[in-house]
Amino acid sequence: MDIFLQQIVNGLTIGSLYALVALGYTMVYGVMKLINFAHGDLVALSAFAGLTIYTSIFADGGTSIVAVITVFMFTAAVIAVVGVLLERLAYRPLRTAPRLSAVVSALGAGLVIQNAIMLIWGPNMKIFPSHLFPSDIYHFGGIVITFTQLMILIFSSVLMIALYLFINKTKMGTAIRAVAIDQDAAKLMGINVNKIIMIIFIIGSGLGAVAGLFIGIYYRGITFDMGWMYGLNAFVAAIIGGIGNIPGAMFGGLILGLFNALISGYISSAWAETFTFMLLIVVLIFRPTGILGEKVAEKV
Amino acid sequence: MSQYLLEIKKVSKFFSGLTAIDALDLKVKKGQIYGIIGPNGAGKTTLFNCITGIYTPEEGEILWHGEDIKGTPPHKIAELGILRTFQTIRLFAEMSVAENIMSGRHIKSTQKWYNGIIPTPAYYKDEKYNWEKVGKYMELFGLSEYATTPAGDLSYGIQRKIEMARALAAEPELLILDEPAAGLNENETKELADIIRKIQAMGVTIMMIEHDMDMVMSLCEYMTVINFGAWICEGVAADVQSNPAVIEAYIGVDDEDE
Amino acid sequence: MNKTSMISLGFLVVMGVFPFFADSAWLAVGITFLVFSVVAFSQDIILGRAGAFHMGHAAFFGLGAYTTAILNTQYGWPILATWAPAVIIPVAVALITTAPIIHLRGDYLLVTTIGINIIFLQVLENNLFGITGGPNGIFGIDVVTVFGFELFDQIYMYYMAFILLGITLFIMRTLDGSKFGRAMFYINKDDVAAQSMGIDIRYYKLYAFAIGAGLAGAAGSMFVVQYSAVSPEAFDVMQSIMFFTIVLVGGSASLPGVLLGTFVMFVLPEIFREFETARYLVFGLAMILTMILRPRGIWPVKFGNIPAFLKKGKK
Amino acid sequence: MRILPRVAASVAVCALLVTAGSAADVIKIGVQAPITGKYANEGQSIDNGVRLVIDQLNAKGGLLGKQLEVVSCDDEGKAQKAAICARKLVNEGVLAVIGSYTSGATEAAQTTYFRNKTLQTSDGTSGSLTKQKYWTFFRNSFRNSDQAAFTATYLVKEKGYKNIVVISDYSGYSVDLADSAAKSIKSEGGNVIYQGKIKSGTQNFTAVLTKIKSMNPDAIYFAGYYTDGGLIRAQQQQLGIKADFIGGDANDNPDFVKLAGKSAEGTILVNFPTAEFLPYDAAKIFIKDYTAKYGKAPSSVWALMNVDGLNAILHAAKETKSLDTKTISNYLHTLRDFPGITGPVSFREDGERINTKFNIYEIQANGKYKIINK
């Protein structure tokens with residue numbers, strides 16, 4: 001039983017990271033109907049940028065709450081700017097083009113970011129210092145949870161709840177939802193669509209940046225090509241939950257994290273991705289728009 | 001064998017609780033031009049979508065030559081001889097006019113499954129025969145000069161014609177026209193009416209939705225009026241025009257609109 | 001003679017005389033170009049013609065490669081005998097795996113086809129049934145032997161790939177002039193209208209996947225003989241993305257466009273090896289720029305592939 | 001159709017230019033190594049090492065009166081890229097190829113080199129590398145089975161572990177080492193309670209480690225690479241698994257300690273003596289020259305092994321005064337105690353290097369190694 005609960009804790013940790021990344025995909029998809037293939041690479045970029053920011057500001061290698069908060073804020077800001085630039089340069093010119101053109105542009109942008117990371121930081125694995133977070137370990141019965149895991153769980157829940165409230169309870173959130181439903185109508189209602197899309201990219205990239213930093217702090221080793229793996233998993237999570245749907249992305253991320261952990265723990269980690277995609281296919285066969293997605297009827 | 005070509009029996013269609021069609025009945029005889037009229041949102045296009053298999057009605061029967069075709073997928077419906085046009089024109093916009101009309105010949109083509117990879121003498125013959133047919137339909141609709149022009153580049157009126165030529169190229173028994181005169185000017189509408197009569201003369205039964213009342217009244221031999229998905233009345237032009245329920249349905253809607 | 005045939009013929013002539021001017025290094029580049037053009041065309045049948053967002057094509061390419069490799073090294077089949085199964089198995093697998101998902105729209109299909117690719121990779125890496133050689137793959141694949149004569153020299157490889165490309169172009173020409181090819185375009189442009197004209201979307205999409213997988217399998221078989229080794233990472237999702245991109249950057253359903261795409265994505269990097277490290281960065285930028293400047297690809301397709309006797313009046 | 005003749009002409013011109021460029025009279029030495037990707041560290045060291053040796057030799061007048069040129073090909077540690085590299089290097093007309101770093105990439109290229117009579121020397125340790133008995137292939141390191149036997153004796157006889165878990169990744173080298181180790185442990189009387197595989201680069205190994213925790217092992221033997229090993233060690237500690245961690249040779253990299261952080265302390269690594277522990281003069285000189293040229297020491301002993309392979313081949317060519325690969329190979333097969341950087345170099349008839357020794361290190365709290373074998 002302890003082992004099972006431990007696997008649940010493991011799964012929830014990675015699941016929250018997926019959820020944070022999935023939110024970026026789902027928000028962009030909801031508004032622009034575009035798979036932002038570069039999002040995973042933004043996550044990787046944030047880990048590298050965060051490491052550099054940390055080592056250049058706190059060269060002495062010291063750590064404190066101030067240091068951690070500074071790194072998170074700085075990195076999120078940098079990645080948000082990159083996200084906005086990405087939209088400006090690679091996606092906005094293609095808003096009226098055939099859908100696949102934007103997909104190719106997104107794939108291209110992903111390649112650019114990934115290889116820029118490689119050229120700037122080199123192809124070798126970079127390693128986060130191990131003392132950024134205290135290495136405390138808590139025991140609950142037979143279950144072990146580290147300080148970092150706890151931070152990931154708490155922090156990502158707070159962010160997700162905040163985002164949910166922002167989208168559903170504020171005027172800006174309503175505008176975002178309006179643009180997601182019908183851009184033209186929203187425009188007629190006086191909503192500045194470009195501004196909304198910019199905000200989407202700021203929030204999405206910011207959340208991705210937080211996930212990237214957590215990945216760096218939790219796993220320590222970061223590579224320039226790691227974004228793809230997190231991106232794909234998160235994207236699958238967003239689809240399972242129902243793409244375009246914000247609670248769907250959170251739900252999908254957690255489900256996928258748990259599912260992965262249980263498959264790896266009880267069947268085989270070697271087949272984890274196979275099971276992931278089987279899950280995706282089964283979900284799509286029974287719920288073509290994801291678990292929380294709404295049914296869309298096409299007007300004929 | 002039924003005396004009717006198409007019989008709709010107590011057909012109902014619901015969309016998440018809303019009733020789009022409500023136990024509707026209607027009967028179309030072979031060779032007729034049959035009109036479906038009713039205010040916007042009355043469920044006319046939904047009815048057509050049910051007949052052509054895009055939607056499956058929850059209740060009732062759709063009899064084609066006396067056999068229930070409810071739930072048959074759209075491509076099978078076309079093979080049965082029911083072809084349609086769309087309210088919002090749906091052409092293959094980037095493709096040439098000739099290629100658009102050739103799509104009507106799809107179900108008439110005799111090519112075997114391997115002909116997509118391996119050409120045979122029969123394949124060349126079939127291709128030639130069908131392209132010649134396309135030539136004939138282009139001539140019939142006066143489209144020959146646009147043979148290689150992308151359909152999407154042409155005017156609205158011509159696009160309507162292409163859509164009808166495309167459907168007719170499949171040699172249908174029943175041709176379903178969804179607001180064929182929408183967006184056309186007076187001359188074009190007149191021309192359209194002539195074409196529709198010509199099609200009827202070829203032995204094709206026609207069902208149409210149309211808001212242009214002059215056109216409906218002059219063309220349609222029989223018609224059914226529906227509102228909120230339900231039957232209001234039916235009959236020949238004169239009967240329908242004088243029916244108080246019809247007038248009420250239209251005026252009621254006018255109130256809401258204005 | 002239509003335009004497709006004319007461009008194909010011209011291209012075949014150029015590629016046919018190429019070996020007379022090339023040394024062995026260039027010959028290898030030529031073989032790569034030929035093999036990957038075939039894969040790109042097969043991807044184009046699915047993506048560019050039938051319009052199915054398919055991003056797992058490397059799986060079918062790899063399936064052909066592995067079929068040849070396994071039959072040759074594990075069961076001792078001569079390479080020539082493996083050609084038929086290297087086409088048939090990818091076709092069968094394509095039909096079985098895509099049948100349940102073929103109805104999915106756009107992006108959903110895209111993600112599930114990535115899934116097919118990833119599942120295929122895991123099967124290879126986990127050495128299912130102990131025949132795939134795991135992550136190392138399979139080494140020491142024979143060369144083609146005809147009547148006891150070993151066709152070891154690269155020039156034979158080149159002309160075998162050349163013949164395969166010829167066959168591919170012939171199939172494309174037949175397809176374009178048949179109801180099958182047209183049906184794919186109709187579905188691509190407007191699926192609702194297509195089915196109302198009696199076109200069975202499912203059937204023709206599967207048809208496209210079957211032809212695409214078969215051709216990719218044949219190309220895979222060539223690929224494995226060329227390098228006498230095969231391993232999973234040659235068929236990873238990145239490779240599928242490359243095939244996907246080639247078609248869209250070059251121009252969907254456009255013969256010269258796809259050739260151009262293949263050349264840009266697979267041959268240029270071989271020539272400009274100095275840029276090795278910055279290569280993908282340049283690629284990425286090129287992809288974005290191409291799409292912004294030419295959203296339909298560098299050399300977009302022109303429709304109007306109709307018999308001459310129908311062409312009259314103005315353009 | 002008018003563009004066709006132009007295309008044909010330009011193709012012809014290109015081809016001529018290329019042919020003209022490659023006719024110069026130099027001896028080409030190929031490097032096939034993971035210059036980018038996960039093992040870039042190691043690949044770059046191999047490439048640098050080879051270039052250093054060749055530069056030094058060229059400065060002294062070259063080999064048999066000819067200058068040498070290094071042609072590198074990046075195989076990214078991937079088998080398919082390796083096969084492509086093999087084709088390229090053969091097309092370049094190289095005399096010998098140094099590399100690759102991983103057994104998988106080495107094996108994928110082997111057949112092509114053999115068929116084209118090109119010499120190859122690699123540090124790959126999989127048993128299968130010498131199985132084919134290709135006369136073109138020389139292993140400059142040691143076999144996995146040797147290391148496995150050495151490790152098993154240590155684990156079972158010296159430390160007296162009862163229950164041992166063996167983990168590998170999916171690479172050829174790792175599976176081979178893990179299988180050999182499991183076999184040796186059993187034959188020494190130890191008990192392998194679980195033998196599992198992890199997917200390299202996954203980062204999150206908690207699922208499989210949690211499973212292992214329930215088995216209560218005495219020791220975990222990891223036969224994979226440092227990039228995963230460091231993380232496994234760290235996550236093992238986090239989950240509170242008490243077992244000792246023993247890493248195979250590929251864990252011997254400075255990054256292992258960085259990845260594992262504080263958890264690195266107490267880790268045991270088994271490897272061939274690392275560069276700084278090599279007692280030979282040749283080693284000290286080489287490392288000094290290398291550091292002077294590149295500003296850092298070679299990342300591990302693997303580059304040095306490959307340099308030894310290269311030096312042996314150059315030595316053989318000089319002795320036999322021949323550039324015929326078969327002649328060089330015949331000479332190498334009888335080579336005994338050539339003074340190499342990593343100790344005396346001798347080859348067996350099947351291309352296997354003989355007489356290699358191993359060290360056991362324990363990582364200290366400060367991240368330094370301490371030799372603990374007798």
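**Where the parts meet**

Modeller: In chain D, the C-alpha centres of domain 1 and domain 2 lie 32 Å apart. This is a predicted model: local features need pLDDT of at least 70, side-chain atom pairs count only at pLDDT 80 or more, and totals for chains, interfaces and linings use all residues. Residues are numbered from 1 along each chain as its sequence is written, while chains are lettered from A and ligands numbered from 1 in the order in which they are written.

Look at the bounds. Domain 1 of chain D covers 3-142 + 279-345, and domain 2 covers 144-271. Such bounds come from an automatic or database domain assignment.

Now the contact between these two domains. Domain 1 of chain D puts in 14 residues and domain 2 of chain D puts in 12 residues. Two residues are in contact if their C-beta atoms, placed from the backbone, lie within 7 Å. On the domain 1 side, helix α4 (residues 103-115) of chain D gives the most, with 3 residues. Helices (H or I, at least four residues) and strands (E, at least two) are DSSP runs, numbered from the N terminus. That domain 1 side has 1 nonpolar, 11 polar and 2 charged residues. Ala, Val, Leu, Ile, Met, Phe, Trp, Tyr, Cys and Pro count as nonpolar, Asp, Glu, Lys and Arg as charged, and the others, Gly among them, as polar.

Next, chain D meets chain C. Here 27 residues of chain C and 28 residues of chain D take part. On the chain C side, α1 (3-17), α2 (24-49) and β4 (229-230) each supply at least two residues. The largest share, 4 residues, comes from α2(C). By class, this side of chain C holds 14 nonpolar, 9 polar and 4 charged residues.

Chain C also touches chain B. In that contact, 40 residues of chain B meet 34 residues of chain C. From chain B, α2 (74-80), α3 (97-102) and α4 (121-140) each bring at least two residues. The most, 5 residues, come from α4(B). This side of chain B counts 18 nonpolar, 14 polar and 8 charged residues.

Last, the confidence in chain B. Its pLDDT (the predictor's confidence in each residue, from 0 to 100) averages 89, and 96% of the residues score at least 70. Within chain B, strand β6 (residues 82-84) is highest, at 95, and helix α9 (residues 244-257) is lowest, at a mean of 64.
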